[in-house]
Structures are given as structure tokens and as C-alpha cells.
Amino acid sequence: MAEWREFKDLPTLELIELIKMRKEEGFIERAQAAFYAFSFRFAVEVSKKCEIICKNWGLDSDFAAEVSDETFKRFWKYPKYEIKRTKTTDIDKAVLLYLFKIAKNVLIDIWNKKNCTNKNPYEGNEEIVWDFPPDDNDCGEIENIHSHHAIVKKVISC
């Protein structure tokens with residue numbers, strides 16, 4: 001069984017490559033050990049950043065810890081980091097910025113999930129309007145119903 005301490009001195013890009021091999025036959029233990037080394041390398045900075053951002057959002061440190069944990073889980077699930085897409089020469093800084101972006105998306109996802117802002121506004125009992133209503137419908141306080149009807153029909157037809 002691979003121990004994460006064996007990987008703690010490996011460069012970050014090698015750790016990421018080992019993590020990417022997690023689905024290959026016989027590499028799961030090495031990939032997990034590399035992931036633990038990767039997580040220990042970046043956990044402090046990601047946790048600090050999550051706490052700062054959550055505090056700005058008015059959220060507590062428990063929420064920040066959840067965001068931090070979920071950030072690393074998402075990196076494990078989707079280790080798609082590519083060095084050629086970075087603009088900085090410092091690899092660790094580039095990976096940290098990548099993790100911060102994941103953390104931002106995770107924060108929004110968790111906040112939406114807990115506050116039910118992703119609820120679908122449709123209930124399933126809506127009706128499809130196939131035709132424009134006839135001219136004799138009551139249009140509220142509009143004085144000239146026919147001109148209003150013509151304007152709305154023209155706008156909808158465009």
C-alpha cells in the first residue's frame with residue numbers, strides 16, 4: 001500500500017498526473033496517496049481563502065470548511081488541470097488559483113443548494129398558449145383595446 005509521505009516531495013505536476021491515473025488498473029492506491037499529499041500541500045491556503053470569502057458572504061467557518069472539503073473532492077473527481085492554460089510561471093501558485101476557482105464554484109453551488117435558489121419555477125400545470133386571444137378580451141384600464149391588441153400582436157409576431 002502506498003503511503004502519502006512517499007509523495008510529499010514530488011512536484012505538483014507529477015502529483016496531478018498520478019491523480020489523473022486513478023481509474024487505471026492497479027493505480028488507485030498510488031493515486032489516493034498522491035491526492036492526500038496534494039491535499040496536504042494546498043489545504044491550508046484553500047481553507048484560509050474559503051474562510052475569508054465565506055466571512056464576506058456572512059457565512060460561518062463551518063460553511064467554509066465544507067466548501068474547502070468539497071473543493072478537494074471535486075478536484076479528485078475531475079482532475080483536469082492543464083499547465084498550458086496558466087499565465088503564471090510558478091506551478092504551485094497556478095494550481096492554487098485553479099483550486100480557488102473551484103472553491104468559488106463550490107461555494108455558489110452549496111449556497112444555492114442550502115437556500116433553495118435553484119428551485120424550478122414551473123409546477124407542471126402550466127398551459128401552452130397556441131393562439132393570440134380574440135380582440136374582445138378585457139385589457140384592464142387600456143382605453144383603446146384594439147390599438148393595444150395590435151401592438152402586442154406585432155411584438156409577439158417578431
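How much accessible surface does the protein chain have, and what share of it belongs to carbon and sulfur atoms? Here are my notes, starting there.

1. The accessible surface of the protein chain comes to about 12,000 Å², and 53% of that belongs to carbon and sulfur atoms. Accessible areas come from the Shrake-Rupley method with a 1.4 Å probe, and for residues only the protein chains shown count as cover.

2. Keep in mind that this is a predicted model: local features need pLDDT of at least 70, side-chain atom pairs count only at pLDDT 80 or more, and totals for chains, interfaces and linings use all residues. Residues are numbered from 1 along each chain as its sequence is written, and side-chain values use heavy atoms, with hydrogens and water left out.

3. On to the fold. The protein chain has five helices and zero strands; helices (H or I, at least four residues) and strands (E, at least two) are DSSP runs, numbered from the N terminus. Of its 158 residues, 25% count as buried, where buried means under 20% relative accessible area, exposed over 50%, and partly exposed in between (1.4 Å probe, protein chains only).

4. Now look at the aromatic rings. Rings of Phe, Tyr and Trp (its six-membered ring) pair if their centres lie within 6.5 Å; planes under 30 degrees apart count as stacked, over 60 as edge-to-face and the rest as tilted. By this rule there are eight aromatic pairs. One of them is Phe35 with Trp76: the centres are 5.1 Å apart and the planes stand at 55°, so the pair is tilted. This pair links distant parts of the chain, with Phe35 in helix H2 and Trp76 in helix H3 (residues 61–77), 41 residues apart.

5. Phe38 and Phe72 also pair up: their ring centres are 6.5 Å apart and their planes are at 80°, so this one is edge-to-face. Again helix H2 (Phe38) is linked to helix H3 (Phe72), across 34 residues. Phe38 counts as buried because its relative accessibility is 0%, and Phe72 is buried too, at 7%. Both belong to one aromatic cluster, together with Phe42, Phe75, Tyr81 and Tyr98.

6. Two charges sit over rings (NZ of Lys or CZ of Arg within 6 Å of the ring centre and within 35 degrees of the ring normal). Arg22 lies over the face of Trp76, 5.8 Å from the ring centre, while Lys49 lies over the face of Phe100, at 5.5 Å.
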